[in-house]
Amino acid sequence: MRAYRRLCIVVITIFLLLTVALNLFLVGVKDRNEGIYRVEAKRLADEIAETGNYDLEKYPHITGVFNADDGELYISNEHYLIIEAGGMQYRVEYVVGNGQYSVAAINCIFGALFLLIVGLLYYIWRHIIVPFGRLNAVPQELARGNLSVPILEEKSRFFGKFTWSVNLLRESIEDSRKKEITMQRDKKLLLCSLSHDIKTPLSAIKLNAKVLAKRLYMDEEKRRAVAESINTRADEIERFVSEITKAASEDFMSFEVTQREAFLSLIITRIDARYAPQLAMSGTEFVIHKYDDCILSCDPDRLAECLQNLIENAIKYGDGRQIEISFDKMDGCELITVSNTGCTLEEKELPQIFESFHRGNNADKVQGNGLGLFICRRLMRLMNGEVYADIHNECFYITLVVKMA
C-alpha cells in the first residue's frame with residue numbers, strides 16, 4: 001500500500017515537472033517566433049533604402065507594405081508597425097504567430113492527460129491494490145493451517161476468479177485433511193484389529209511349539225497334526241501381515257480420475273511450454289519428436305501430471321545432456337515415451353521402481369520420497385492405461401500407454 005502511494009506521488013510529480021518544463025520551452029519559442037516580424041521589417045527597410053524596391057516573398061511574416069500615397073498611413077485593421085526608409089514612412093502589416101493558442105491547447109491536452117493518469121491510478125488502487133491487500137494474508141493463514149480464514153468475494157474481473165480459486169484451494173485442502181484423518185483412523189482401527197487377530201494364532205503356535213519341544217506327544221500322527229496346526233496358524237499370520245502391508249502401501253493415498261476425451265497436442269503443448277524454457281536455461285537438449293495428433297481417452301490433467309513426474313525424474317536422475325519425448329501407436333493405444341541420458345539405475349531394480357517409497361541406488365544424492373512413479377502407475381491404471389520402464393545404452397526409457405478414443 002505505502003509503496004503504491006509513493007509510486008503515485010512520484011508519477012504525478014514527474015508529470016507536473018515535465019508539464020512546467022514544456023511550458024517554459026514553448027513560451028520561449030513563442031517569444032522568439034513573434035519577434036521575427038521586427039527582424040523582417042528591419043531587413044525590408046534596408047532593402048528599400050538601398051534599392052528603392054522590395055520583394056515580399058523574402059518576408060513570410062509581412063503581408064503588406066503601404067505609404068502615405070496608398071491612403072491613411074495609420075489606419076488599418078491588421079497588425080502593423082511604421083518604418084522609415086529612403087526619407088519616407090511605410091506602414092508594414094504583419095501576421096502574429098498563434099503561439100499563445102498553441103501553449104493553451106497543449107496545456108489543455110496535458111490537463112486531460114493528468115486527469116486520465118489520476119483516474120487510472122485511482123482505478124488501480126480501488127480495483128486491484130485494495131482487493132489484493134485484503135487477500136494478501138490468506139495464503140499465510142492457509143499455510144499455517146487456518147482453513148477458516150474468511151475470503152471476501154470479489155466481483156472485480158481481476159480478482160473474481162482468483163478468490164474463487166483460493167476458495168476452491170481451501171476446500172480442497174480441507175477435504176484432503178478430512179480424508180487423511182479418516183484414513184488414519186481407519187488404518188489405526190485396522191492395525192488394532194489385525195494385531196488382536198494375530199494374537200490368537202500366535203498363541204496357538206507357541207502352545208504347539210512347547211508341546212513339540214517337551215515331547216508330550218509320542219505318537220507320530222499327533223506330532224504331525226501339531227505341525228500342521230502350526231503351519232495353518234502361520235498361514236493365518238501371513239495373511240494378516242499381507243493385509244497390513246497392503247494397508248500401509250496401497251491405501252495411504254487416494255486418487256480421483258475424470259475420464260474424458262482430449263487431444264494429444266493440447267497435453268504436449270502444455271508440457272513443452274512448461275519445460276522448454278527451463279531446460280534451455282540449464283543447457284539440457286529437450287526434444288519432442290513429431291507425432292500424429294489424436295484423441296485420447298484419459299484425464300488430461302492427470303496425464304499431464306504423469307508426464308511432469310517423468311520429466312522431473314529425468315531432470316533429477318539424468319546427466320542433463322538430453323531429454324526426449326517420442327511417440328508410437330500400438331493396438332489402439334498411444335505410446336508416449338520419456339527418455340533421458342546418463343542412467344545409472346541397475347536393471348535388476350526395474351521391477352521395484354513403481355513401488356511406493358522405493359528409491360533406486362542412483363538416488364543417494366537426490367532429494368525425493370519415492371512416490372513419483374508409484375503415483376504414475378496408479379493414475380495410469382485408473383485411466384485404463386499402463387506404464388513400463390526399460391534401460392538401454394545407459395538411457396532410461398519410461399513409456400505411458402494411453403488408450404485412444
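User: What is the basis of the model, and what are its conventions?

Analyst: This is a predicted model, in which local features need pLDDT of at least 70 and side-chain atom pairs count only at pLDDT 80 or more, while totals for chains, interfaces and linings use all residues. Residues are numbered from 1 along each chain as its sequence is written, and side-chain values use heavy atoms, with hydrogens and water left out.

User: How many helices and strands are there in the protein chain?

Analyst: The protein chain has 9 helices and 10 strands. Of the 405 residues, 32% count as buried, where buried means under 20% relative accessible area, exposed over 50%, and partly exposed in between (1.4 Å probe, protein chains only).

User: Why are α8 and α9 called roughly antiparallel?

Analyst: The axes of α8 (residues 300-317) and α9 (residues 372-382) come within 10 Å and cross at roughly 155°. Axes are lines fitted to C-alpha atoms, for helices over the stretch in contact, and angles run from 0 to 180 degrees between N-to-C directions. Angles under 35 degrees count as roughly parallel, over 145 as roughly antiparallel, 65 to 115 as roughly perpendicular and the rest as oblique. The pair α8 and α9 is therefore roughly antiparallel. The contact (heavy atoms within 4.5 Å) involves R302, L303, E305, C306, N309, L310 and N313 of α8 and G372, L373, I375, C376, L379 and M380 of α9.

User: What makes α7 and α8 roughly parallel?

Analyst: The axes of α7 (residues 264-282) and α8 come within 10 Å, with a crossing angle of roughly 25°. On the angle criterion, α7 and α8 are therefore roughly parallel to each other.

User: Which hand does each crossing have?

Analyst: α8 passes α9 in a left-handed crossing, and α7 passes α8 in a right-handed crossing. A crossing is left-handed if the near helix is turned anticlockwise from the far one by less than a right angle, and right-handed if clockwise.

User: Why is C306 called buried?

Analyst: C306 has a relative accessible area of 0%, so C306 is buried. This residue lies in helix α8 and touches C376, L379, M380 and L400, not counting residues up to four places away in sequence. The C-alpha atoms of C306 and R378 are separated by 9.9 Å, although these residues are 72 apart along the chain.

User: How many disulfides does a search of the whole structure find?

Analyst: The search finds 0 disulfides, a disulfide being a pair of cysteine sulfur atoms within 2.5 Å. C343 is in no disulfide, and the nearest cysteine sulfur, that of C395, is 8.1 Å away.

User: Are C343 and C108 buried or exposed?

Analyst: C343 has a relative accessible area of 13% and is buried. C108, at 56% relative accessibility, counts as exposed.

User: What makes D331 and E394 exposed, and where do they lie?

Analyst: D331 has a relative accessible area of 74% and is therefore exposed. D331 is in the loop between β7 (322-330) and β8 (333-341), and its phi is near 50°, a positive value in a residue other than glycine. E394, with a relative accessible area of 60%, is also exposed. E394 lies in the loop between β9 (386-392) and β10 (395-403), and its phi is near 60°, again positive in a residue other than glycine.

Definitions and conventions:
Helix = DSSP H or I, 4+ residues; strand = E, 2+ residues; numbered from the N terminus.
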